[in-house]
Structure formats: C-alpha cells, structure tokens
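Please read them beside the model.

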Amino acid sequence: MAGAVGSRGSAFLGDFKFGAVDTQTIEDALLHLAQENERAMREARGQTGSFRETRIVEFIFLLSEQWCLEKSVSYQAVEILERFMVKQAESICSQAAPVVRGSEKAEAWSWRARKEQLCNTFVLRLVSCVQLASKLSFHYKIVSNVTVLNFLQALGYLYTKEELLESELAILKSLNFQINLPTPLAYVEMLLEVLGYNGCLVSAKQLHGTCLTLLDLVYLLHEPIYESLLRVSFENSTPMEQQGGKFVSVKEDFMLLAVGIIAASAFIQNQEWWGQVVEHLHSITGIATEGIAEFSYAILMHGVGASTPVRQQPGLYHLAARPLRAAATCNM
C-alpha cells in the first residue's frame, strides 16, 4: 500500500492505489497488526494517552503541514511523543514517591530538577519527534537540522546542532529505539484493502480521503470522543476514576478506532453503504457490530453533529476486555 497523502502532503489522493498487493501478503500484514494491537492493549497503563491532548496534536499537525510532510508522519510523531512523554512522566513519578515519604533533600532536588528540565525541553522534544518520524517515512523528505533550528529560533529557542542530535538520541534511548510502531492510519488502510478483497462494493479509494479527515478529527477531539464512549461503556454519565482506568486499553485499541473511522466515513459518503460496511468490518475483525456502531456514532456526533442510522444498544460494555480475532475471522 502506498503512503497516505493529503492536503499537507506533496502528493495527491489520486496516487493512492488499493488492490496492488497479493492476498497472502495482506493476510500476513493483518495478522501482524492484530498482534501489535493486542500487545499495545495489554501494555496500556494509567498514564497512557495523557499526551494526545488537542493543543499538542494541533501543534504537530500544523508543523507537519508547514514542512510539507505526509499525514503518516504527523500521526507517527504524535505516537512517538506520547510514548516518550509517558515514560518520562512515569520516571518522575517514581522518583516523587520517596520524596513524599521524606527522603533526603538531594533526592527532592533531583526530582524537581528533572521535572523542570522535562517542561523546559518539551518543544525541543516535540520537534525532534517530528524529525524522527520524517526519517521513518520517505528519506528524501527528511526534515534537516537547519530547518529545525531555524524554526526553534523563530520561537525564541536557541539550540545547537549538537543539542538537537542529543534530543533525538534521548528519545531513541528512552524508547529502546522502538519508534517504528503502527499508527491508526496503518489499521485504516489495511482494513480498506481487506474490504476490497472481501468483495465489499464500496470503493476503498473513495473512502480513503474521508477516513484521513476523520482520523485527524479523532486525534484533535480525542478526549471528548473517548469520554462519550466511556459513559456509554459503563452506562454512567459521570464514570468513576476506577472505571476510567479500566478503559485505558480501549483508548489504545487502534483496530477499534479504525473500524469506527471507516464506518463513519461510509455513512458520510452514502448512508445506504453504512450497514454493508459495518457487517464487512465485523466479519474481518470480530468486533461486534454494536461496538462499531457506537464508535462511528461518537465520531459523527462530535465531528459533524449527525448520528448513525441505527444507534444500536447495548453499548460498549464489552470493549474493555474484548478478545481481538482480526486474523482468525478474516474471510479472505
């Protein structure tokens, strides 16, 4: 599959091609994504998702647009920054515990100094994440050090090339050099590919552009969309903190996010397609049609103020412990 493109990429949606990969390759890729998704859901913990807030995502999206990067780069940058910042926050919190219990002043100073350093270098780390993501995409579009330094200087931050390289290295070391992880876009494009192979009459290429727009929307409205899903999941307008903790794995379920994005896109383009697309997505992933309907409903309500044809009940009460059967139930 080709890389995703859009208004902030230099290519056009017309260059995107589906159906160019053989069935066996698609099956293997779908299995890999399903396994990665399960692993991410298992490893999700309390701080996960804390740094996907709107202002941060908007900053990365606008910066990627300014530097003419592909959409896939901006999503990758958000995920790299999220994982890095969560690790840093957890490290600071672990240092804070002995300080609270009244340990020596040196430990207290070390904890405060590290917290202050994290705050002071946040913009540098964010820009470094975008630069790293550009290196994972197309090598001829790598963001140069000069471009990054000029941008930071325009914001009033004076860094050297050495400090920029040290920032990239700090991120890589913190994440054990594991930064090339699947983004929600990879799941969306894979499922669109499978829809075509499974005989879905809806054009994958036609849905692709709308999916990209809605994926941007979900990233920018991440908190309100998932808050509405949380309320439906526990049938409570004001869920308790403990219930929110159990919902963390759902926020990391990119397969669920992808089916919701595709279903909502189908509804926007042609409401008559919606039911067929939902059934196909259920057949491919094993996700209940009720779950797909609720997610697409949340996206449409927060994005365009519309509702799905049938808001099915019960809600998403099963999602917190949903067994993913993406590969096992594939009809290809």
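1. Y75 is buried, at a relative accessible area of 0%; buried means under 20%, exposed over 50% and partly exposed in between, with a 1.4 Å probe and protein chains only. F61 also counts as buried, at 6% relative accessibility.

2. On provenance: this is a predicted model, in which local features need pLDDT of at least 70 and side-chain atom pairs count only at pLDDT 80 or more, while totals for chains, interfaces and linings use all residues. Residues are numbered from 1 along each chain as its sequence is written, and side-chain values use heavy atoms, with hydrogens and water left out.

3. There are eight aromatic pairs in the structure. Rings of Phe, Tyr and Trp (its six-membered ring) pair if their centres lie within 6.5 Å; planes under 30 degrees apart are stacked, over 60 edge-to-face, and the rest tilted. The F61 and Y75 rings have centres 5.8 Å apart and planes at 75°, so this pair is edge-to-face. F61 belongs to helix 2 (residues 54-66) and Y75 to helix 3 (residues 71-100), so the pair ties together parts 14 residues apart in sequence. Helices here are DSSP runs (H or I, at least four residues), numbered from the N terminus.

4. Y157 and Y159 have ring centres 6.4 Å apart and planes at 15°, so they are stacked. Y157 is partly exposed at 30% relative accessibility, and Y159 is partly exposed at 21%. Elsewhere, F59, W67 and F151 make up one aromatic cluster.

5. Three cavities of 30 Å³ or more are present. A cavity is a set of points, on a 1 Å grid over the protein atoms alone, where a 1.4 Å probe fits but cannot get out; lining residues have an atom within 4 Å of a point. Points are joined across faces, edges and corners, and a volume is the space filled by probe spheres set on them.

6. The largest cavity has a volume of about 60 Å³. Helix 1 (residues 23-43) gives the most to its lining, with four residues. The lining of the largest cavity divides into five nonpolar, one polar and four charged residues. Nonpolar covers Ala, Val, Leu, Ile, Met, Phe, Trp, Tyr, Cys and Pro; charged covers Asp, Glu, Lys and Arg; the others, Gly among them, are polar.

7. The second largest cavity holds about 50 Å³. Its lining includes R52, E79, H222 and F254, and F254 is also among the residues lining the largest cavity.

Conventions: Helix = DSSP H or I, 4+ residues; strand = E, 2+ residues; numbered from the N terminus. 1 Å grid on protein atoms, 1.4 Å probe; cavity = no way out; pocket = protein on both sides within 12 Å on 5 of 7 lines; lining within 4 Å.
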